[in-house]
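I opened the model to look up its core and the packing of its helices. The entries below follow the order in which I worked.

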Amino acid sequence: MKKKCSILLNLFIGLASFGAWLFMAVLSFDNGSLSSNGFSSLKYFTVLSNLFNGAVSLIYAGWLISGKEITSRRRSWKLIAVSAVGLTFTTVLFFLGPFYGYRAMLLGSNLWMHLILPVVSILSYLLLERDCRIPFRATLCAVVPTVFYEIGYLDNIALHGIGTWPDTNDFYGFLLWGNAVGAVFASSMLIATWLIAVLLRRLGSNRS
């Protein structure tokens, strides 16, 4: 029963993740703050983290359906993906929500990518996917997507400038109070990602 539920939830997460992105990218309904139509929506960590998590969820469901063994390496991919959307969720909860307003952050596709899919992914990982223990070094690998995103984000600002609202390249406002504060924000995101991964690994360990 647990395996079937895991398969269904991972299929749901995968399909809903790509569906939410297509809804944002193709349709022009109000999706709240920090959303864009077309491929420009791929500039947001929210979108990229959910698409990555969705892809990993579909692959994970495929492994379960085919009866392949869920090794520690394969489950580590789930930890990395869930940590990414976990960062999205916590950033909205503690930073973007107060800054932009929670209503603006939970409209349309944002409701799915900022809240529903991250929460479902975390619960699925903790309750249904205790296939094997994950080595501690996997928590460091979980930081890699955030590192690459921050490099791309800051590199784009270095090349094209910050710009002015609403056409700013610093759409997350990390440099709003200067480079020093921006460095603190960037470092905080890396530490938060790692702590989320450590917590998920701890709570999702198979102790049976």
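**Entry 1: Core**

I began with Leu200, which touches Leu79, Val82, Ser83, Ile122, Tyr125 and Leu126, residues up to four places away in sequence not being counted. I took contact to mean heavy atoms within 4.5 Å. The model is predicted, so I noted that local features need pLDDT of at least 70 and side-chain atom pairs count only at pLDDT 80 or more, while totals for chains, interfaces and linings use all residues. Residues are numbered from 1 along each chain as its sequence is written, and side-chain values use heavy atoms, with hydrogens and water left out.

I then looked up the largest nonpolar core, which has 37 residues; Tyr172 and Leu200 are those with the most contacts inside it. Such a core is a set of buried Ala, Val, Leu, Ile, Met, Phe, Trp, Tyr and Cys residues joined through side-chain atoms within 4.5 Å. At least two residues of this core come from each of helix 1 (2-26), helix 2 (45-66), helix 3 (72-100), helix 5, helix 7 (144-160) and helix 8 (179-203). Helix 3 gives the largest share, 9 residues. Helices here are DSSP runs (H or I, at least four residues), numbered from the N terminus. Another core, of 5 residues, lies apart from the largest one and includes Ile7, Tyr60, Trp63 and Ile70.

**Entry 2: Two single residues**

Is Ser124 buried or exposed? I found Ser124 in helix 5 (residues 108-128), and Ser124 is buried because its relative accessible area is 0%. Buried means under 20% relative accessible area, exposed over 50%, and partly exposed in between (1.4 Å probe, protein chains only). Leaving aside neighbours within four places in sequence, Ser124 is in contact with Leu9, Asn10, Ile13 and Glu129.

Phe39 is in the loop between helix 1 and helix 2. Phe39 is exposed, with a relative accessible area of 67%. I also noted that the C-alpha atoms of Phe39 and Ala84 are separated by 20 Å, the two being 45 residues apart along the chain.

**Entry 3: Packing of helix 2**

I looked up helix 2 against helix 3 and found an angle of about 150°, with the axes 9 Å apart. Helix 2 is therefore roughly antiparallel to helix 3. Axes are lines fitted to C-alpha atoms, for helices over the stretch in contact, and angles run from 0 to 180 degrees between N-to-C directions. Angles under 35 degrees count as roughly parallel, over 145 as roughly antiparallel, 65 to 115 as roughly perpendicular and the rest as oblique. By class, the contact of helix 2 with helix 3 has 12 nonpolar, 6 polar and 3 charged residues. Ala, Val, Leu, Ile, Met, Phe, Trp, Tyr, Cys and Pro count as nonpolar, Asp, Glu, Lys and Arg as charged, and the others, Gly among them, as polar.

How do helix 2 and helix 5 pack, and at what angle? Their angle is about 30°, with axes 11 Å apart, and the two are therefore roughly parallel to each other. Thr46, Val47, Asn50 and Asn53 of helix 2 make the contact with Met113, His114, Leu117, Pro118 and Ser121 of helix 5. I recorded 4 nonpolar, 5 polar and no charged residues there.

Helix 2 and helix 7 pack at about 145°, with their axes 11 Å apart. Phe45, Leu48 and Phe52 in helix 2 meet Pro145, Thr146 and Tyr149 in helix 7. The residues of this contact divide into 5 nonpolar, 1 polar and no charged.
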